[in-house]
Amino acid sequence: MAGRIPLVLLACGSFNPITHQHMRLFELARDHMHQTGLYHVVGGIVSPVGDDYGKQGLVASKHRLAMARLALQSSDWVSVDDWESQQEDWTETVVTLRYHYDRISAPYHSSKDPPTVSEVPQLKLLCGADFMDTFKVPGLWRDDHVEEVVGRFGLVCVSRGSLQPDRAIHESDLLSRHRRNIFLVREWVQNEISATEVRRALRRGQSVKYILPDSVIDYMREHNLYTQDSEMKNKDVKLRPLTKQTIQD
């Protein structure tokens, strides 16, 4: 793919637990970006959120990282990174993007010959369609962070069920302004796998075989994850993004 812009896809989220649907996002996004004729996807990164995020039922990051690594053992281009989950406090998505971009671009800037713009890989945030609706949640995002995520880096958004990410773009002046940097990927083979439903099935003792990789199922059984008790974790805790933004404001 000579002459194309190298691109790395970054997916942030709970991955609680990682499912086949999470992994499919990467394959669908890579195909779409290749079909634009502009990009060559050279890597993918799964970045699980830290334990201080405060989401109900969130198991320890050490388990979510381990399951993600097991699930992606067969991938030759997507890796799991623990930087975000190892920070002392919950880390804004834009901060995680900055970290990975600096890490990816550093080797190019350290060479004697300055790189051309087309040589340094771009980094874009990979997400599902439900992610777009988070921009509308009061207090969850700072406007300048949304501006940087979408304007500086860009989004690759994969459709999910009846959700319509194009509507979220239409209803936001900020997103509409950066419409050219938001790539909408249509998944024609509908996949409604949800980590929330996976956890519900596990709590009820129901099978999740063929929804998750067998290695992940074995790991969950070994460590007794996703029980009635674990689902109560953070039950009355406010999401850290909401409290952190309030403090900063």
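Predicted model: local features only at pLDDT ≥ 70, side-chain atom pairs only at ≥ 80, totals over all residues.
Local features were taken at pLDDT of at least 70 and side-chain atom pairs only at pLDDT 80 or more, whereas totals for chains, interfaces and linings use all residues. Residues are numbered from 1 along each chain as its sequence is written, and side-chain values use heavy atoms, with hydrogens and water left out.

With a disulfide defined as a pair of cysteine sulfur atoms within 2.5 Å, the count comes to zero. Cys-12 takes part in no disulfide, the nearest cysteine sulfur being that of Cys-127 at 10 Å. For Cys-157, the closest cysteine sulfur also belongs to Cys-127, and the separation of 4.0 Å is too far for a bond. Cys-157 has a relative accessible area of 0% and is therefore buried, where buried means under 20% relative accessible area, exposed over 50%, and partly exposed in between, for a 1.4 Å probe and protein chains only.

Asp-81 occupies the loop between strand E3 (78–80) and helix H3 (93–109); helices (H or I, at least four residues) and strands (E, at least two) are DSSP runs numbered from the N terminus. Although Asp-81 is buried, no salt bridge is assigned to this residue, and the nearest side chain of opposite charge, that of Arg-103, is 4.6 Å away. A salt bridge here requires a side-chain nitrogen of Lys or Arg within 4 Å of a carboxyl oxygen of Asp or Glu; for charge, Lys and Arg count as positive and Asp and Glu as negative, while His and the chain ends are not counted. A polar atom of the Asp-81 side chain does, however, lie 2.9 Å from the backbone nitrogen of Trp-83. Beyond its neighbours within four places in sequence, Asp-81 is in contact (heavy atoms within 4.5 Å) with Ile-45, Val-46, Ser-47, Pro-48, Leu-65, Tyr-99 and His-100.

Aromatic pairs were assigned to rings of Phe, Tyr and Trp (its six-membered ring) whose centres lie within 6.5 Å, with planes under 30 degrees apart counted as stacked, over 60 as edge-to-face and the rest as tilted; by this rule the count comes to seven. One of these joins Tyr-101 and Phe-153, whose ring centres are 6.3 Å apart with planes at 70°, so that the pair is edge-to-face. Because Tyr-101 lies in helix H3 and Phe-153 in helix H5 (residues 143–153), this pair ties together parts that are 52 residues apart in sequence. Tyr-101 is partly exposed at 22% relative accessibility, whereas Phe-153 is buried at 4%. The rings of Phe-131 and Phe-135 likewise form an edge-to-face pair, with centres 5.4 Å apart and planes at 80°. Phe-131 is buried at 18% relative accessibility, as is Phe-135 at 15%, and ring pairs link Phe-131, Phe-135 and Trp-141 into a cluster.

Turning to the backbone, a cis peptide bond with omega of about 5° joins Asn-16 and Pro-17, and Pro-17 falls in the loop between strand E1 (5–13) and helix H1 (20–35). Phe-15, placed in the loop between E1 and H1, has a positive phi of about 50° although it is not a glycine, and its relative accessible area of 6% makes Phe-15 buried. Asn-234, also not a glycine, has a positive phi of about 65°; this residue is found in the loop between helix H10 (228–231) and helix H11 (240–248) and, at 17% relative accessibility, counts as buried.

Terms used: Polar contact = N/O pair within 3.5 Å; in protein donor to acceptor, adjacent residues only side chain to side chain.
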